[in-house]
Amino acid sequence: MAKIVCVLYDDPIDGYPKSYARDDIPKITKYPDGQTTPTPSAIDFKPGALLGSVSGELGLRKFLEAAGHTLVVTSDKDGANSKLDQELHDAEIVISQPFWPAYMTAERIAKAPKLKMIVTAGIGSDHTDLQAAMDRNITVAEVTYCNSNSVAEHVVMMMLSLVRNYIPSYNWVIKGGWNIADCVARSYDIEGMHIGTVAAGRIGLRVLRMLKPYDVHLHYMDRHRLPEAVEKELNLTHHTSLESLTKVCDVVTLNCPLHPETEHMINDKSLKNFKRGAYLVNTARGKLCDRDAIVRALESGQLAGYAGDVWFPQPPPQDHPWRTMPHHGMTPHISGTSLSAQTRYAAGTREILECYFAGKPIRNEYLVVQGGKLAGVGAHSYSAGNATSGSEEAAKFKK
């Protein structure tokens, strides 16, 4: 029988919900490319429930304990004496979400001699040292596509919020003001702007499709060029370099995976190539950006605004400068953990576990590492190496 350690974020400060704002969520069976949504044999939760926090347990306890397995759920993941570290010695599977990642460094993997699989309940497995997982023949899997559309919606929301100066305007209302001039002094229309995505995979392409009705000019950079029919449909301009894209775009959105080749791709040097007054949206990974370079660009006016849903490390320390820098629209990492998305990634996590315990193949599109090498979606999106360095900074965060 296996021991599964599941790292989830804390329950709401007022306690686990007894009721919800809505009675149901739309039922989705396929994603835009035809891939089916998760297909576990059953689920032990109501769609639309809060599953990503500790009390939600990803809806896994009944299923796992009925099969004789042990499930340990905790939010305590950082620091040498964390609950996660205490449980690693005999853990066979570790599960966490990108929003509250269990940083599976080489050091932690070395502490877990029985570890056979690391699962991301969501998309993006850069919180695992993929090279260390390959060296130990540990399977790494994620629930590909489960929350891609959720993130794309968040991207568009953040773009509009920045360009229209929504958050400062909302704050004037909260303060009892009616300061129209203050609100509109930094407010523009998105219509006619040039908007570019770095990477046009599932999220990036969805963002482009959502933006087309706004009558904007669309650009993308991706090492895998989109089909000609898609480029014509959306009137896309393809770029082969970051410099080429950022020189012409008023808004840039980052939608690429984090790996050693993309780490800190947005830095002081690359930001000089942006149009002055451009907006940058990052719902991919915080470490794509040099933290302090973003602050400097906002303070100098090189960037007119930065909206991000991702930080490094996660959670960020209380003194992280992105909390207090000017003209930002930061949120905790929530874009991919809406209640709608949680239904899909909890079901997908169960599907992965069902396959693992039954000795059946895990969907190829869910695999990141298997058999000592990059596999499935991992072979398309990642490169060998480690992006977890520096994650010990998360221990500075005090809950």
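Two strands count as paired if DSSP finds at least two bridges between them. Keep that in mind for the close-ups below, which come from a predicted model.

**View 1. Strand β6 sits alongside β7.** Here β6 (residues 194-198) and β7 run parallel, and 5 bridges join them.

View 2. Strand β8 (residues 236-239) runs parallel to β7, with 4 bridges between them. Look for methionine 221, which has histidine 239 of β8 as its bridge partner. From β7 the chain passes through helix α9 (residues 228-234) to reach β8, in a β-α-β crossover that is right-handed. As for β7 itself (residues 217-221), this strand is mostly covered, with 4 of its 5 residues buried.

**View 3. The largest cavity.** A search of the whole structure turns up 2 cavities of 30 Å³ or more, and the largest has a volume of about 120 Å³. Its lining is made of 14 residues, with Tyr103, Asp126, Arg285, Trp311 and Gln314 lying nearest the centre. By class, the lining splits into 7 nonpolar, 4 polar and 3 charged residues. Domain 1 (3-144 + 337-396) and domain 2 (147-330) each supply at least three of the lining residues.

**View 4. The second largest cavity.** This one has a volume of about 50 Å³. Among the residues lining it are Asp126, His259, Pro260, Tyr382 and Asn386. The lining has 5 nonpolar, 5 polar and 1 charged residues. At least three lining residues come from each of domain 1 and domain 2.

Technical notes: Residues numbered from 1 in each chain as written. Predicted model: local features only at pLDDT ≥ 70, side-chain atom pairs only at ≥ 80, totals over all residues. Heavy atoms only, no water. 1 Å grid on protein atoms, 1.4 Å probe; cavity = no way out; pocket = protein on both sides within 12 Å on 5 of 7 lines; lining within 4 Å. Points joined across faces, edges and corners; volume = space filled by probe spheres on them. Nonpolar A, V, L, I, M, F, W, Y, C, P; charged D, E, K, R; others polar. Domains from an automatic or database assignment. Buried < 20%, exposed > 50% of the residue type's maximum accessible area, 1.4 Å probe, protein only. Helix = DSSP H or I, 4+ residues; strand = E, 2+ residues; numbered from the N terminus. Right-handed = clockwise from strand over helix to strand, strands pointing away.
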